[in-house]
Amino acid sequence: MKELLSGNEAIARGAFEAGCRVACAYPGTPSTEILENAVNYKEINSSWAPNEKVALEVGIGASFGGARALVTMKHVGVNVAADPLFTLSYTGVNGGLVLVTADDPEMHSSQDEQDNRHYARFAKVPMLEPSDSAECKLFTQLAFELSEKYDTPVMLRTTTRISHGKSMVELAERVSDLPQPGLIRNAAKQVMLPGNARVRHPLVEQRMLQLSVDGAAMEINRQEMRDTRIGIITSGACYQYVREVLPEASTLKLGMVNPLPDGLIRQFAASVDRLLVVEELDPFIEEQVKAMGIAVSGKEYTSRCGELTPERLVKAFSLAGVMPSAPDSAPVSTSPLPKLPPRPPNMCPGCPHRGVFYSLNQLKAYVSGDIGCYTLGFMPPLSAMDTCVCMGASIGMATGLSKVISLEEQKQVVAVIGDSTFLHTGINGLMDMVFNQAPATVIILDNRITAMTGRQDNPASGFTLMGDPTNAVNFPDLCRALGVKHVRTVNPYNLEETRAAIHEEMNRPEPSVIITNKPCVLVKREGVFQRAEALCVDTDRCASCRACLRIGCPAIEWRQAEGEKGKAYIDPSLCTGCDLCRQLCKFDAIGRQK
Amino acid sequence: MKDRITNVLLVGVGGQGILLASEILSETAMLAGYEVKKSEIHGMSQRGGSVVSHVRFGKQVFSPIVPEGEGDILFGFELMETCRCLPLLRQGAVVIANNLRILPPAVLMGQEKYPENLDVHMQSLFPEFTLIDCQKVAEESGNIRTANIVMLGAVSRRLDIAESFWLKAVEKMVPSKAVEVNLKAFLKGRSL
């Protein structure tokens, strides 16, 4: 049976068919849907971990117990999971362990576009790279087999176009002849003290050499001989673009990008007149081919920045002189069209973060921001974010900044972090802030969900990925246990209360935490978010002062007829009745529908 | 069956049901025996940003992205977003636009104007331009939330795939409780 699946759905399916028993992840675009699909297979125990490091450790535990385990994350998540990954490379596995890294060239939803192929080489583990959904399924299954055969974790690298693209996949049954998991005691392999690790390291080197040799015979590394004047080494999404743009060229399609199959590359290079590498981001393959003493080019023609597309590849091939410079169909001229205003993402109508950022802006706070929907607090008109680096960084950075500025400036520093991000890697930062007595203020925006990636549960939401009720972390108790003396909870829909609380804590020369307590408006679980009656504008009272526009709510529109004063209008289909705009109106022009 | 690849673009604003419409289109093409690939970016776009979905089908398809200047059919769920995608189209492409304006932040704030007469511009560039009011048709068929399916119906008439495949795909992909209203919306759209 064939189905149209996204790369993420196909990876979940591949894990299911491969007999995977445990799947664990921290959500992150473009990887999130793998676990959201894995949970539909009742044979797989699927869970969200608080962060990627814990997710990998859960996977390692399951693998040591002899079960096949899948761990997934976005590219930057591997930075967090790198510590266990590098030593897992030495211990190897009992049950197969597959680590998916979903990279994001072009940074469609990320803060950087690091090329995680380097991680495979750095940690000395094999990496497979599928080029469509059928390969996502097949390579996931193969990754489990290679993991057990070579006693190594295997990384599966996708990119956004592969993760979110859909193509056709043939489905099969789940394997049923895998050994039963249990306690496996093997200290020499599983206890990485120096003495044991010294024995393991040579095995790692040997394994990688063997994989490079065996790679020549792997079906996923495939020479496709066509016109031999041009030979192109490529992998992943780039393979599809090469086939689209230069269908007659010979290709060496690499399914395994680490280690590279040296012998096969030499053979392919010898059978073509001119050798090119087409790869996104870094010259990962190209540099290694050059190091083999083979004449090859690549990054002279394609950028190290951003993703490749068919049209970017046409330009590259024209530059390389392997195809004519003018494409057949020029885009239709759009010159008569007017300039189109941009459409950036925005906080939803009724978002509980809006009032906090409005207040921070009013108080001229220096906001040490973090990663989540609330990073949009950066956008005008809220314009209340000064830094944002990585998950959980807001608090540590606020501490560091406080060490180098004047007492007066210290009062302005506020770290803002969401519930899920705080639990991910913010707790350590807060512990340090208390430990080292930095006087900054921390605001935890607790909206009861991991919102940005599409509403996943987390340790504070009270439910597991599999839908079971569970403990919900109590933030005030947690912060007090870390030693914060001043912890308070505010209703972010009450502007005066929010502003006053932030103002008071900013002026306190000690660490303090403010927690907001309203849920994300998109949470669908019953009884969590309650929509109130929509508000409307009394146009007779509206004094055209535009104060209500300053919160940047998508439900509020400025309507101005020719030659008249503008008035605010509230779209009742978008308004959640959150009441923020009413509190801003000095003329009492905003109220409930009559 | 045609050998040539058909390149379809679906564009609009996050939350308009574009992804579902592109899923149904892809499913239909697969049922009709074509190889199908589909690509879109979601993530930040869910927060009211632009959404573009690419669907390509034919005997054999490599790239999931429609190459610039090769789009055959554009269906736009929002006027300005429809315009934004015109550079992806070939000469003489079919453009179907929903007569709906969703105001971006700068326009809501009164800092910029929503461009006027976009339909006239599009008509002048693409003779095969059709403007339809999906919301109105959806309301008439019983549920305004089926506007995306009305649009899909309108597009279906311009693609060479038998009606039975479309109906089968709609039935499979929409929530089971809403099959009837969606089929009705689809057929209404198909008559436009």
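Tutor: Two strands pair if DSSP finds at least two bridges between them. Strands (E, at least two residues) and helices (H or I, at least four) are DSSP runs, numbered from the N terminus. This is a predicted model: local features need pLDDT of at least 70, side-chain atom pairs count only at pLDDT 80 or more, and totals for chains, interfaces and linings use all residues. Residues are numbered from 1 along each chain as its sequence is written, while chains are lettered from A and ligands numbered from 1 in the order in which they are written.

Start with the seven-stranded sheet of chain A. Its order is β3-β2-β4-β5-β7-β6-β12, it is open, and its pairing is mixed. β3 (45–48) and β12 (256–258) of chain A are the edges, each pairing on one side only. Look at the β12(A) edge. Strand β6 (residues 127–128) of chain A is joined to β12(A) by two bridges, and the two run antiparallel. Here Leu128(A) stands opposite Met256(A).

Angles run from 0 to 180 degrees between N-to-C directions, and axes are lines fitted to C-alpha atoms, for helices over the stretch in contact.

Next, a helix pair. Helix α3 (residues 52–64) and helix α4 (residues 75–91) of chain A pack at about 35°, their axes 7 Å apart. From α3(A) come Glu52(A), Lys53(A), Ala55(A), Leu56(A), Glu57(A) and Ile60(A). They meet residues of α4(A), including Val78(A), Val80(A), Asp83(A), Leu85(A) and Leu88(A). Nine residues of this contact are nonpolar, one is polar and four are charged. Ala, Val, Leu, Ile, Met, Phe, Trp, Tyr, Cys and Pro count as nonpolar, Asp, Glu, Lys and Arg as charged, and the others, Gly among them, as polar.

Now the five-stranded sheet of chain A. This open sheet has the order β14-β15-β16-β18-β17, and its pairing is parallel. β14 (366–368) and β17 (486–490) of chain A are the edge strands, pairing on one side only. From one strand to the next, the twist averages 25°. β17(A) is joined to strand β18 (residues 512–516) of chain A by five bridges, in parallel. Arg488(A) stands opposite Ile514(A) in β18(A). Helix α15 (residues 393–402) of chain A packs on the sheet and touches β14, β15 (413–418) and β16 (441–445) of chain A. Its direction makes about 170° with that of β15(A). Helix α17 (residues 419–435) of chain A touches β15 and β16 of chain A, at about 135° to β15(A).

Zoom out to domains, whose bounds come from an automatic or database assignment. Chain A has domain 1 (2–215), domain 2 (222–319), domain 3 (354–516) and domain 4 (535–592). The centres of domains 3 and 4 of chain A, taken over C-alpha atoms, are 29 Å apart. Seven residues of domain 3 are in contact (C-beta atoms, placed from the backbone, within 7 Å) with nine residues of domain 4 in chain A. Helix α14 (residues 354–362) of chain A gives the largest share of the domain 3 side, three residues. That side has five nonpolar, one polar and one charged residue.

Last, the partner chain. 49 residues of chain A are in contact with 49 residues of chain B. α10(A) gives the most to the chain A side, four residues.

Definitions and conventions: Two residues are in contact if their C-beta atoms, placed from the backbone, lie within 7 Å.
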